[in-house]
Amino acid sequence: MLITILFGPPGSGKGTQAAYITKRYGLQHVSTGEMLRDEADKGTELGNEVAPIMAEGNLVPDDLIVRVIESRLRDSDTQRGVLLDGFPRTVPQARALDEMLRRSGRKVDLVLFLDVPEDKLIQRLLGRAQTEGREDDNLETIQNRIEIYHRDTEPVLDHYRDQPSTAIEVVDGDAPILDVARRVRDAVDRHYRDAA
Ligand code: AP5
């Protein structure tokens with residue numbers, strides 16, 4: 001079973017690339033952003049709590065999102081392998097993930113980092129605002145999300161760089177979607193080959 005983190009700033013293409021990887025490797029896509037948006041759309045207690053935080057582009061509290069993930073990773077469809085998208089987003093979340101995986105004899109195998117320059121991120125997210133109308137896709141909120149990414153999320157990469165049992169693959173994500181998908185595929189294949 002492969003536990004992979006799809007890592008990168010807002011707009012780097014995590015959701016887009018997840019579709020290709022899960023199909024090829026039979027992994028379950030676990031996107032915390034999608035899970036929270038779904039709760040907000042349904043108007044559940046959790047959804048109502050997180051909606052205003054998400055609308056401003058801030059992170060929801062660590063303990064809340066860790067509980068959500070812990071419960072999801074107990075589901076039977078996540079036992080063959082998962083692709084985590086949007087989690088962990090802080091070092092405390094990464095530590096909590098490591099601990100919950102350790103308890104079941106698992107670990108993070110691979111971190112795939114989608115590297116995209118900031119001007120392209122903003123361009124993509126403003127483009128998506130025209131078609132999808134996500135509440136957090138406006139310039140002010142996008143800039144806040146990118147700032148939070150640099151401050152709170154980037155250190156998660158260093159956390160995994162310090163762990164010899166986790167591989168990190170940096171993928172240049174500044175290319176057409178199918179080209180990036182090929183690069184991601186090569187990176188995951190390389191990991192499988194090296195791990196074999
Ligand atoms: P989340 O949903 O995770 O948002 P995000 O990280 O900001 O990521 P995005 O979905 O905006 O971008 P993406 O990298 O998936 O890119 P995508 O493929 O969509 O989180 C939302 C909120 O939920 C957070 O702000 C926070 O409030 C909360 N939250 C979630 N997880 C949390 C956690 N762990 N802790 C605390 N809070 C949490 O692509 C973007 C656009 O670019 C699309 O239009 C796409 O078509 C286009 N595109 C993609 N690839 C390319 C390409 N190669 N070339 C051109 N266009 C491209």
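Helices here are DSSP runs of H or I with at least four residues, numbered from the N terminus. The model is predicted. In this model the ligand sits in the largest pocket, and the salt bridges come to 19. One cis peptide bond, between Phe87 and Pro88, is also described below.

- Arg102 and Glu99 form a salt bridge in which the closest N and O atoms are 2.9 Å apart.
- These two residues, Arg102 and Glu99, are three residues apart in helix 5, so about one helical turn separates them.
- Glu99 also forms a salt bridge with Arg103, where the closest N and O atoms are 3.6 Å apart.
- Arg103 and Glu99 are four residues apart, and both lie in helix 5, at a spacing of about one turn of the helix.
- Arg102 has a relative accessible area of 54% and is therefore exposed, the cut-off for exposed being over 50%.
- Arg103 counts as exposed too, because its relative accessibility is 52%.
- Glu99, the partner in the salt bridges with Arg102 and Arg103, is partly exposed at 30% relative accessibility.

- The side chains of Asp172 and Arg183 meet in a salt bridge, with an N to O distance of 3.6 Å.
- Asp172 belongs to strand 5 (residues 167-172) and Arg183 to helix 8 (residues 177-195), so this pair ties together parts that are eleven residues apart in sequence.
- Asp172 is partly exposed, with a relative accessible area of 40%.
- Arg183 likewise counts as partly exposed, at 34% relative accessibility.

**A salt-bridge network and its link to the ligand shell**

- A network of salt bridges links Arg128, Arg134, Asp136, Asp137 and Arg145.
- Arg145 is a member of this network and is also among the residues that come nearest to the ligand.

**The ligand and its surroundings**

- There are 31 residues around the ligand, and those that come nearest are Thr16, Asn58, Arg89, Arg145 and Ala175.
- Lys14 places a polar side-chain atom 2.9 Å from an oxygen atom of the ligand.
- In the side chain of Thr32, an N or O atom is 2.8 Å from a nitrogen atom of the ligand.
- Ala175 contributes a polar backbone atom, which is 2.7 Å from a nitrogen atom of the ligand.
- On its own the ligand has 1000 Å² of accessible area, and the protein covers 87% of this.
- The ligand sits in the largest pocket.
- Helix 1 (14-25), helix 2 (32-42), helix 6 (118-131) and helix 8 are the elements that give two or more residues to the shell around the ligand.
- Helix 2 gives the most to this shell, with four residues.

**The cis peptide bond**

- Phe87 and Pro88 are joined by a cis peptide bond, with omega at about 0°.
- Most peptide bonds are trans.
- Pro88 is placed in the loop between strand 3 (81-85) and helix 5 (91-103).

Note on methods: Residues numbered from 1 in each chain as written. Predicted model: local features only at pLDDT ≥ 70, side-chain atom pairs only at ≥ 80, totals over all residues. Heavy atoms only, no water. Salt bridge = Lys/Arg side-chain N within 4 Å of Asp/Glu carboxyl O. Buried < 20%, exposed > 50% of the residue type's maximum accessible area, 1.4 Å probe, protein only. Near = heavy atom within 4 Å. Polar contact = N/O pair within 3.5 Å; in protein donor to acceptor, adjacent residues only side chain to side chain. Areas by Shrake-Rupley, 256 points an atom, 1.4 Å probe, with all protein chains shown as cover. 1 Å grid on protein atoms, 1.4 Å probe; cavity = no way out; pocket = protein on both sides within 12 Å on 5 of 7 lines; lining within 4 Å. Sits in = over half its atoms within 2 Å of the grid points.
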